[in-house]
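Subject: Structure handover and notes

Dear colleague,

Here is the structure we spoke about, followed by notes on what was found in it. Please read the notes with the coordinates open beside them.

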Amino acid sequence: MPIKMLVVDDEPDLESLIRQKFRKQIREGEYQFVFAQNGVDALAKMSEHPDTTLILSDINMPEMDGLTLLTKLNELNNPALKSVIVSAYGDMENIRTAMNRGAFDFITKPIDFQDLEVTIDKTIRHIELIRRSLEEHDILTSVQRDLSIAARIQQSILPSIFPPFPHRPEFDIYATMQPAKEVGGDFYDFFLIDDSRLGLVIGDVSGKGIPAAIFMAQSRSVLKAIALQVPRPGDVLTTVNNMLVPESDEAVFVTVFYGILDPSTGSMTYSIGGHNPPFLLRQDGSVGFLEHVGGSIIGKISHLSYDTATVTLKPGETLFLYTDGVPEAANKDKAMYDESRLKSSLEKYRNLPLKDLLQSIQTELKEFANGEPQSDDITMLAVRYKGNDATN
């Protein structure tokens, strides 16, 4: 199906310019354009073409301007519908207002059609990622009454092939997730943003069972979609928070650690949204927490800002990410495993291969619980930086 775009502008020559610039995509069925003269006309065209996914709108127009149109579009509550605003160069006040009202991006007049093409391509890729996240959400929603199917779907969502990037010798990765029920609210992820950056995520949704699993799938997908577009981890969590707040139930939220590792240098930028700070297993044998930089839990309070910090990993150092099901694992006497025991275990097993390291922690947790049922999801993700020299 072609990508359908609505162009809203009262300039009479723009339609012919758009059709000329994108004639190849139109001819090959990739793009389909609909044109409107103002905001009122645009809303009428949206009713005629409900499958429109991208709106390119001027700000200054008769009858209804672009800012008012943005407000009306927000009422449609369609996360896969994105708007790009066109404004005069230097009109930053209106541009800021447009972005605050939900515009995805903007371009300036006179229109640079090469820049327009790049902006359209970027917006379409973002829309496709959002659509995938909504599809994952719909998949989990549709199987709420069948926990065994839901469990298999959830496990398929999480990366399970190790090593995941055998062509990248600069680092090792291993992860495990043990839900407390058939399905859980914990998640982890790792992905190459590009050839020079590795994204790392661990998260913990409040609650357990199907509601937590659904919000887990949505949180993971939205975060990955934003992470592929936004370079700073703190800005990623800020955006994710604002997207998840309208979607979350009052009792549901998520804590997240998100970091970006540069395998060529060991430099990692990161932000923490209310999550347990990771342990760093240092080259000198010591084990300590990363600085807790970021902000509050995600999906509860809108318009929060999240800070970004940087740490540099040395060759041989390991980052250990975990959810609170690890330190809060309890035995029959209601004593918790706690972070001091976890730290001691990490010191003891720090030189093991990552798979053995995580399995050793799991064994200790089981022995500590001594038959007490698992009360929370237990998720661990370890990343060992081997250094750029490992490529030689």
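An open sheet of five strands, paired in the antiparallel sense, has the order 6-16-15-11-12, where strands (E, at least two residues) and helices (H or I, at least four) are DSSP runs numbered from the N terminus, and two strands pair if DSSP finds at least two bridges between them. Strand 6 and strand 12 (287-289) stand at its edges with a single partner strand each, so one side of each has no neighbour in the sheet. On average, and with direction ignored, neighbouring strands of this sheet are turned by 20° against each other; axes here are lines fitted to C-alpha atoms, for helices over the stretch in contact, and angles run from 0 to 180 degrees between N-to-C directions. Helix 10 packs on the sheet, where it touches strand 11 (279-281), strand 12 and strand 15 (318-322), and its direction makes about 20° with that of strand 11; contact means heavy atoms within 4.5 Å.

Before going further, please note that this is a predicted model, in which local features need pLDDT of at least 70 and side-chain atom pairs count only at pLDDT 80 or more, while totals for chains, interfaces and linings use all residues. Residues are numbered from 1 along each chain as its sequence is written, and side-chain values use heavy atoms, with hydrogens and water left out.

Within the sheet, strand 6 and strand 16 are paired over eight antiparallel bridges, and isoleucine 173 stands opposite valine 383 in strand 16. Leaving aside neighbours within four places in sequence, isoleucine 173 is in contact with a set of residues that includes Phe162, Pro164, Phe190, Leu200, Leu354 and Val383. Isoleucine 173 is also listed, with Leu223, Val256, Phe257, Tyr258 and Met268, among the residues with the most contacts inside the largest nonpolar core, which has 53 residues. Helix 8 (residues 209-227) gives the most to this core, with eight residues. A nonpolar core is a set of buried Ala, Val, Leu, Ile, Met, Phe, Trp, Tyr and Cys residues joined through side-chain atoms within 4.5 Å, and buried means under 20% relative accessible area, with exposed over 50% and partly exposed in between (1.4 Å probe, protein chains only).

Threonine 379 also belongs to strand 16 and, at 0% relative accessibility, counts as buried. A polar contact of 2.9 Å joins its side chain to that of aspartate 186; such a contact is a pair of N or O atoms within 3.5 Å, of which, within protein, one must be able to donate a hydrogen and the other to accept it, and residues adjacent in sequence count only if both atoms are side-chain atoms. Not counting residues up to four places away in sequence, threonine 379 touches, among others, Thr176, Phe187, Tyr188, Leu321 and Val326.

Strand 3 runs parallel to strand 1, joined by four bridges, and pairs with strand 4 in the parallel sense over five bridges. Leucine 56 stands opposite valine 7, and its bridge partner in strand 4 is valine 84.

Helix 4 (residues 66-74) has Gly66, Leu67, Leu69, Leu70 and Leu73 buried. They cover an arc of only 155° around the axis, which puts them on the same side of helix 4, the arc being that of the directions from the helix axis to the C-beta atoms. These buried residues pack against strand 1 (3-8), helix 3 (39-48), strand 3 (54-58), strand 4 (82-88) and helix 5 (92-100). At the N-terminal end, aspartate 65 caps helix 4, with a side-chain oxygen 3.3 Å from the backbone nitrogen of leucine 67.

The peptide bond between lysine 109 and proline 110 is cis, with omega about -5°, and so is the bond from phenylalanine 162 to proline 163, with omega near -5°. Aspartate 338, a residue other than glycine, has a positive phi near 60°; aspartate 338 lies in helix 10 (residues 338-349) and counts as partly exposed at 27% relative accessibility. Asparagine 370 has a positive phi near 50°, lies in the loop between helix 11 (354-369) and strand 16 (378-385), and counts as exposed at 55% relative accessibility.

With best regards
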